[in-house]
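This briefing gathers what can be said about the sheet, the helices packed on it and the salt bridges of the structure below. Please read it alongside the sequence and the coordinates.

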Amino acid sequence: FELGKIKLPKFPVPAEINENDYLEKLCLEGAKKRFGENLQKEVLDRLEYELGVIKTTGFASYFLIVHDFVRWAKENRIVVGPGRGSVGGSLAAYALNITNIDPLKYNLLFERFLNPERISLPDIDLDFADRRRDEVINYVAQKYGKDYVSQIITFGTMAARAVVRDVGRATALPYNYCDSVAKMIPMGMTLDQTLKNVMEFRQLYESDEQAKNLIDFAKKLEGVARHASTHACGVVISAESLSDLVPLQHPTQDDSAIVTQFEMHSIEDLGLLKMDFLGLKNLTIIEDTLARIYKVRGKNINIETIPHDDKKTFELLQKGETVGVFQLESGGMQRYLKQLKPTEFEDIIAMVALYRPGPMSLIPEYIARKFKVKPVEYIHPKLEPILNRTYGILVYQESLMQIARDLGGFTLGEADTLRKAVGKKIKSLLVAQRDKMMQGMINNGIGKNAAQKIWAWILPFASYGFNRSHAAAYAMIAYQTAYLKT
């Protein structure tokens with residue numbers, strides 16, 4: 001076992017060229033299809049920078065593998081999502097047609113996806129039409145060999161309620177009795193937490209010998225793996241035969257499928273390439289709708305090239321008529337859409353990012369500032385170019401990274417480390433980052449008082465900051481479904 005060493009499978013490239021050069025060739029060809037024959041300096045500079053990082057980290061093969069199966073899926077008319085998670089920040093991925101969101105147009109950061117200062121395997125998660133996801137996995141298995149591709153096991157563990165019921169059954173206690181004990185445990189609480197916080201549960205434990213035995217046994221088994229199943233989306237692709245590296249087994253009832261006996265985190269620790277192939281029902285709905293439009297109207301619509309400023313689509317969103325529209329169909333979301341009256345794609349990105357527990361309280365503020373009912377204010381003028389798209393409200397993790405770069409003098413790689421420290425609230429890391437950020441802001445001509453205010457204003461962001469690349473990709477699916485509905 002070599003832990004932490006990345007073992008990427010080799011992608012078969014033409015004989016006279018290496019992986020890095022082949023990737024560069026594909027990226028340049030793809031960029032010309034996206035941006036026209038004469039590429040602007042901004043596009044060339046960004047591509048050169050990204051390819052430099054990919055070359056240094058040795059991840060060219062990874063990009064080539066993903067590009068290959070996404071190309072196959074699209075050629076076989078399987079709808080592929082525009083790119084979930086942070087991969088939307090990569091211009092190389094956009095040029096390779098892995099993603100369908102322009103990182104330059106939407107101001108998405110490559111370092112949020114691949115940090116050159118903290119090298120770890122990038123994470124490209126992909127959404128496919130859920131009915132046809134298995135076809136893509138089968139293609140990958142055929143291409144690299146069935147011995148080299150496998151799905152991943154996942155273990156269901158005994159949570160507090162389930163373990164009480166299981167122990168009760170094993171010790172032949174009446175079902176109703178065990179059920180009533182289990183129902184005293186609040187969802188998501190452990191047995192120890194319940195004993196500490198739920199008075200009637202503690203009283204039962206202290207006064208009833210039978211309950212005490214039941215709970216004591218249950219505490220010993222809590223968190224233990226109860227059963228194995230197949231991970232919903234994880235697939236591992238290996239450079240050598242998987243049976244030389246990890247134990248394998250057939251999942252229950254299915255002798256044709258193979259899963260690893262190590263779960264996801266162990267697979268990653270062994271440096272194996274784990275990819276998430278996610279099935280998304282809404283992409284199947286898009287696929288079916290496109291087929292129906294073709295059948296009924298004879299129109300062949302390419303969902304990847306529809307205009308993003310269609311007036312009628314925005315009218316539909318402004319009325320809140322969003323049943324069936326991805327991410328925007330809940331009652332609360334419909335109510336906010338009627339108030340927000342979205343007029344541009346940026347509004348949909350913001351709503352996808354804000355409509356979650358925590359930042360939801362900022363939506364009325366966002367709406368009030370959009371309609372100039374409340375003034376847009378900045379602690380310091382240097383924040384304005386970063387936050388003017390969101391009317392001065394800090395919504396995205398990428399905005400935090402830009403603040404660290406433009407005000408604190410961080411590199412974007414260092415800014416990504418700051419984002420992690422703020423997001424995970426790691427005390428020791430935060431103190432070091434705070435001192436560095438404060439000093440950087442002061443060196444940058446920002447007064448100490450303003451610098452302290454900015455830091456205090458950034459900190460609560462930890463609980464709600466959202467990945468802008470992911471929000472933009474999911475806003476894209478939302479817009480596509482709204483466009484088709486219209």
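In which helix is histidine 67 found? In this predicted model, histidine 67 is found in helix α3, and with a relative accessibility of 16% it counts as buried. Apart from neighbours within four places in sequence, histidine 67 is in contact with Leu26, Leu96 and Ile98.

**The sheet**

- Six strands make up an open sheet with mixed pairing, in the order β1-β6-β3-β2-β5-β4.
- The edges are taken by β1 (125-129) and β4 (248-249), and because each has a single partner strand, one side of each is left without a neighbour in the sheet.
- Strand β3 (residues 225-237) and strand β6 (residues 273-280) run antiparallel and are joined by four bridges; glycine 234 stands opposite aspartate 276 in β6.

**Helices on the sheet**

- Helix α3 (residues 60-75) packs on the sheet, where it touches β1, β3 and β6, and its direction makes about 25° with that of β6.
- Helix α5 (residues 133-144) lies across β1, β2 (149-157), β3 and β6, and runs at about 150° to β6.

- The structure holds 32 salt bridges, one of which brings together the side chains of glutamate 287 and arginine 131, at 3.9 Å from N to O.
- This pair links distant parts of the chain, 156 residues apart, with glutamate 287 in helix α12 (residues 281-297) and arginine 131 in the loop between β1 and α5.
- Glutamate 287 counts as buried at 14% relative accessibility, whereas arginine 131 is exposed, with a relative accessible area of 53%.
- Both residues also belong to a network of salt bridges that links Arg131, Arg132, Glu135, Glu287 and Asp288.
- Glutamate 346 forms a salt bridge with arginine 389, in which the closest N and O atoms are 3.3 Å apart.
- That pair, too, links distant parts of the chain, 43 residues apart, since glutamate 346 lies in helix α15 (residues 345-354) and arginine 389 in the loop between α17 (384-387) and α18 (397-406).
- Glutamate 346 counts as buried at 9% relative accessibility, while arginine 389 counts as partly exposed at 33%.

**A salt bridge between arginine 405 and aspartate 406**

- The side chains of aspartate 406 and arginine 405 meet in a salt bridge of 2.8 Å, N to O.
- Aspartate 406 is partly exposed, with a relative accessible area of 34%, and arginine 405 likewise counts as partly exposed, at 32% relative accessibility.

Terms used: Residues are numbered from 1 along each chain as its sequence is written. This is a predicted model: local features need pLDDT of at least 70, side-chain atom pairs count only at pLDDT 80 or more; totals for chains, interfaces and linings use all residues. Side-chain values use heavy atoms; hydrogens and water are left out. Two strands pair if DSSP finds at least two bridges between them. Helices (H or I, at least four residues) and strands (E, at least two) are DSSP runs, numbered from the N terminus. Contact means heavy atoms within 4.5 Å. Axes are lines fitted to C-alpha atoms, for helices over the stretch in contact, and angles run from 0 to 180 degrees between N-to-C directions. Buried means under 20% relative accessible area, exposed over 50%, partly exposed in between (1.4 Å probe, protein chains only). A salt bridge is a side-chain nitrogen of Lys or Arg within 4 Å of a carboxyl oxygen of Asp or Glu.
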